Amino acid sequence: MSGLETAAITLGAAVARTACGMWLGPVAEIGSSMIDLAARRLTTAREQRQFRRVWEQAAELIAEQVEPLVEREFREVPEHERVAALEAVRDTFDAAGLSEEELLQQDLDAGFLGRLLRDTDPDRVGRAGLSDGGRRLYDLLLHECCAYTIELAGTLPGSGMAALTELLRRDREILDDLAAVLARLPALRGLADFERDYRQLVGNRLDQVEFFGATLAETHRRYPLSVAYLSLNAAQRLGRKKPASTRVDEILARSHRVFVRGQAGLGKTTLLQWIAVQCARRSFGTHLAEWNDTVPFLVPLRRYATADLPTPEMFIREIGRHLGDEMPGGWVHEQLRSGRAVVLVDGIDELADERRVDARQWLSELVDLFPDARYVVTSRPAAVPPDWLGSEQFYVAELEPMGRADIPVFIQRWHQAMRTQSRSAEEQDELDGYEQSLIEAIDRHRPLRQLAGYPLLSALLCALHRDRRAQLPRDRLELYEVALHMLLERRDVERHIESSLALTRTEKTLLMQDLAYWLIRNEWSDASCDDIVARLEIRLRTMPQVKARAEDVYRVLLERSGLLREPVEGRADFVHRTFQEYLAAKQATDDGDIGVLVSHAHLDQWQEVVVMAAGHASSAGRTTLLDGLLKRINEGSEESSERDTVRLVALACLETSPDRAPELDEAIRNATEVLVPPKSREAVTAIGRAGSFALDLLAPTDPQTADEVVYTIQAAVATGDRTALHILARFGDRPEPAIVDALVEAWSQFDADEYADAVLRHSPLHGGRLEITDSRLLPSLRRLERLVELRYRARWPDDPEAVNLDFAQSIPRLRRLAVPMCTDLSPLAGLSLDSLTVDFLGGYHDLSPLTAVPTLQRLSIGGAVVFADAVRHLGKLRNLTLDTTAVEYLAHGRYSPRLTRLRLLGPMTADSLDFLDRWSSSLTALDLDPGTLELAPLTKLTSVTDLTIRLRRFKDLSALAGMATLQCLNLVYTDLPKEFALG
C-alpha cells in the first residue's frame, strides 16, 4: 500500500469519526476513540465488530473519493508533499474536539464546518511545513472533506444512540446510499467554494417533505422529496390564449417566467422545492438540461407577512443560518444579473391583501432589474387574478388534480420514500403491503378516489393508512373529518401562517356548513360571490363573537380554507364536491331537516348528502331517515325509476349508519336485492341513472352467474364513471364468452391502455381470439398476454382508413391476423404468423415483405397485386386467396408451396387455366371465376373435392364430368338475383 493510499484511508477515518460525532451527539470528545466508545454501548461483541466495520467501510468510500482528486488535480506536487497535506487535513479533523453546541450548529453547512475546523486548528499548515502546492491541496481537501462529513452524517438513520441498532440492520443499504451521494458531489466540483457549499445545503435542506396538519407518528411526517416527487399536470396559457393541459416541467422548459396557481393541497410549495433541489444538484433531465447551470433561491413569503420583503442578499436566509457570514459580497446580485438565478417565490396568498400590492411591486422591480433571471411564483387562485403578472409576460400554469393513472404512481413513490428511511427488512415488507392495499382500497372506494387526486390529501391517506396499520377509518365520515381538521386549522397553524382575521376551526366549519347546505337546497353547484357574502352576513348574525364584515370573512374562507374557489370571476364553488356534501349533510341534520332529505333522496345532488346524513344524525334521526326512505320504496305512487334510485340510496345509508334496528336493516336489504347485484336490464338502467354514486354499491357484490356478471359489467359502465375499472377488473380472467364479450364491448369507454392493463391483460378471450371494431384500441393490444388471433373489422364508413400494422410487432403471441385495409405489409416482417387476411391491399401492391414471414400457412389478400412472386418463398403456405391480377405471377413463377386451397378473386384474364397444373396433386379446394376460359384444364386436378365456380352467365360445365374426385360443386351466378349451389 502506497503512502498516498494509507494517508487517504486515515483521512477517511478522521472524517468518519467527525460524522459519527455529528450523528450521535456528544458521546465524548471526537478523537481516535470516538467510534470505539460508541460501539461499547452495543450489547454483544458481534454487534460491536459490525458497528466498527460500517465506519471502516465508510472511511474507505471517502478515501476512494480523495485519491483520484489528489492524483488528478495536484499531479505536479511531489508525492511526499501530497501525503503531508492529507495528514495535515486528518490532524485538523482529529484536533477539532467539537463541543455539543458546535456539533448542533452545523446545520448541514459544509462551509461553516470548514471555518470552525480552521478556527480550532489555525496553525496546522505552518506546523506541517507545506509548500504553496501543499497549501492549495490542504485547502481543497479540507473543503471536500467537510462536504463528505455533512453527506455522511445526513445519510445515517435517525439520531442519537437509539439509531445504533437501525444502522446495524441497514448497514449495506446505508453504505450504498453514501456511495451514491458522494458520487453526486463531483458534479459540483470546479465551482467556487461558496456556491458549492450553497448548492449542497439547498439539496440537503429542501429534499424533504414535511407533512403538516395531521395527527401522525413523527417518523411518518417527513420523507425525501426527490424520491416521492411526481410531476403534475397544469393548464397553461400566455395572456388570453386558450389553456392546454401539460406537465409542469414541460412548461418550465418553455418559459423563464411562470406563475403557478393552484388550490390548497395541489403541491405548489413541493413543486418549488423540487425545482430548487434539481437545480442545486444539477440533476435535471435532458428536456430541462439548461436549468442545471442555474442557482436556486427559495423565497417563502409567509416569512415576510409582517416584515419588509427581502432584498436579494436576503434570499439565502431560508437555507442556512451561517451563509450570510460566508457569502462573497454581491454574490446573489451576480447570479441574478448573469441569468443563472432561479427565484422561487412561494405563496402570494399567504400575504394579507394590503401586502400583495407591495409584493406585486417588489416582483416587478426584480424582473425589471434582472430580466435574464428565471422566476417561478405560486399562489392560490383566490388571492390574485391570472393576469396579475401579465405585464411581465409570465406564463400562467393552473395546477390540476392528479389523474387516475397518477394516483397509484404517487402512492408507490410515497411508500418508496418511506422505505428509504425504514428501520428493518420487516418494516420494508410492511410498507410493500401497505402500498398495495391502499391502491386497492382507493380503487374500491369512490370517496377515497375523490380525495386522492390532491397530492396533499393523497399523502394524508398514505400516512393515515400506515399510521393505523392499513386500517383507514372504516367510516368515511371520520376520514373527511380528519382532512377538514387539517385544511381548516392545523396546516396553517403548524406552518406559522397568520391570517389578518382570526377564525376558529369551529367558526369556519359552521360557516362552511351553512354555505354548503344553502347551495344544495337551491340545487346550485356554484353561486355569485355577492350572494355568498350576503349568505354569510345572515349566518354571522348568529355568531356575535366574530367582529368582522362578511366580505372579510369570505376572503379568509376563500384564501385559507382550501375548500372554496373562484373558478370564474365573480362566482365561487367548493373545490371538493365530497366536502360540500359532507358539510351540507351535517347542517341538514343539525337543522332537523330529515323530511327534506327523504323527499329529495332521488335527486342527483342530494344522494350523497342523504347518505352522509345517515352518519351525522342522532340515533333517533337516523331511524326516522331510514324508515322514511323505506316507505318511499314501498309506496306505489312514485315512478319505478325514482323508487329504484331511493333503493340504492337507502342501501348506501347502511354503510354510513353506525347503528340501526336489525329489522330496518333487513327490510332495506330485502328491498334492494333485486338491484344489487343487478339481475336484469331494468336493474342495469337503474344503476346507470344513479351514476357514480352507485359504484360503491357494486364494488362489494358477488354476482353468482355469468348473466349477473354481465349485468354488473354493463351497470358499472352505464354509470358513466371512468373509475369503474376496479369493478370490471374483478372479472378480467373469467372465460365465459358472454363475460368476455361484455368486457371487450366496454373497452372503448375507457382509456385504452389503462383498461387493457387493469381488465384484459390476463383475459383468456375466446381461446385467444379477439374481434374489435375500434382502431383506437389497436396500440393497446400489446398488453393482452393471451392474444393469439385478432380480427379487426372497421366500422364502415366511419373508420375507412388504412390500418398501420406497426401494432402487430408488439403482440408476442400473435399467430393469426385479419384487417380490412392496409397499404404496407413490412411491419409484419419477423412475426410468426400462421394466417393473414387483408380484405383490401390499397395503394401498395408488393407482397415481398411476406418473405420475412415464412411461417404463413393461410394468406388472403384482396385488391390488385402486381408483384406476387413472394408467395413462392412461403414454403408452409397451404391456403391462398389472391386477386386475379396476380395470376400472371402464379402462371410463370416457380412455387414451392403445396397449396391445398386456392381462391382467385375476379374474372380470369389469363390465356388458360393450365397454370393450375403445378398443384394438380395437392389442391383439395378451388374457388375461381373462369370468365371466358375453357374448363377442361380442371380435369387434371386429381385431388380437388370442393369446387366453387362463379359465373356471369350460363356456361357449358360438361368438362367437369372428368373430375373423378369432385364431391361438392358450388355454382354462383353473379348476374342472377340470388345465389344457389348444386352439389
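Q: Does arginine 622 count as buried or exposed?
A: This is a predicted model, in which local features need pLDDT of at least 70 and side-chain atom pairs count only at pLDDT 80 or more, while totals for chains, interfaces and linings use all residues. Residues are numbered from 1 along each chain as its sequence is written, and side-chain values use heavy atoms, with hydrogens and water left out. Relative accessible area under 20% means buried, over 50% exposed, and in between partly exposed (1.4 Å probe, protein chains only). Because the relative accessibility of arginine 622 is 4%, this residue counts as buried.

Q: In which helix does arginine 622 lie?
A: Helices (H or I, at least four residues) and strands (E, at least two) are DSSP runs, numbered from the N terminus. Neighbours within four places in sequence aside, arginine 622 is in contact (heavy atoms within 4.5 Å) with Ala614, Gly615, Ala617, Ser657, Pro658 and Asp659. The helix that holds arginine 622 covers residues 619-634 and is α29.

Q: Why does arginine 49 count as partly exposed?
A: Arginine 49 has its place in helix α3, residues 45-73. Its C-alpha atom is separated by 8.0 Å from that of alanine 39, ten residues apart along the chain. Arginine 49 counts as partly exposed because its relative accessibility is 47%.

Q: How far apart are the end C-alpha atoms of helix α8?
A: Helix α8 (residues 132-155) is mostly covered, with 18 of its 24 residues buried. At 1.5 Å a residue, it should span 34 Å. This agrees with the distance between its end C-alpha atoms, which is 35 Å.

Q: Which are the edge strands of the open sheet formed by ten strands?
A: Two strands pair if DSSP finds at least two bridges between them. The sheet has the order β13-β14-β15-β16-β17-β18-β19-β20-β21-β22, with parallel pairing. Neighbouring strands are turned by 10° against each other on average, direction ignored, where axes are lines fitted to C-alpha atoms (for helices over the stretch in contact) and angles run from 0 to 180 degrees between N-to-C directions. The strands that pair on one side only are β13 (769-772) and β22 (968-973).

Q: Which residue in β16 is the bridge partner of alanine 818?
A: Strands β15 (residues 816-822) and β16 (residues 835-841) run parallel and are joined by six bridges. In β16, alanine 818 has as its bridge partner threonine 837.

Q: Which residues of the largest nonpolar core touch the most other members?
A: A nonpolar core is a set of buried Ala, Val, Leu, Ile, Met, Phe, Trp, Tyr and Cys residues joined through side-chain atoms within 4.5 Å. The largest one has 268 residues, and its largest share, nine residues, comes from helix α22 (residues 476-494). Apart from this core lies another, of 49 residues, among them Leu4, Ala8, Val15 and Ala58. In the largest core, those that touch the most other members are Ile275, Trp747, Leu781, Leu828 and Leu938.

Q: How many disulfides does the count come to?
A: A disulfide is a pair of cysteine sulfur atoms within 2.5 Å. Cysteine 529 is buried, with a relative accessible area of 11%, and cysteine 822 is buried at 0%. By the sulfur rule, the number of disulfides is zero.

Q: Where is proline 677 found?
A: The peptide bond to proline 677 from valine 676 is cis, with omega near -5°. Proline 677 is found in the loop between α31 (662-672) and α32 (681-690).

Q: What is phi of leucine 765?
A: Leucine 765 lies in the loop between α37 (752-760) and β13, and its relative accessibility of 2% makes it buried. Its phi is positive although the residue is other than glycine, with a value near 55°.

Methods
The expected span of a helix is 1.5 Å times one less than its number of residues.
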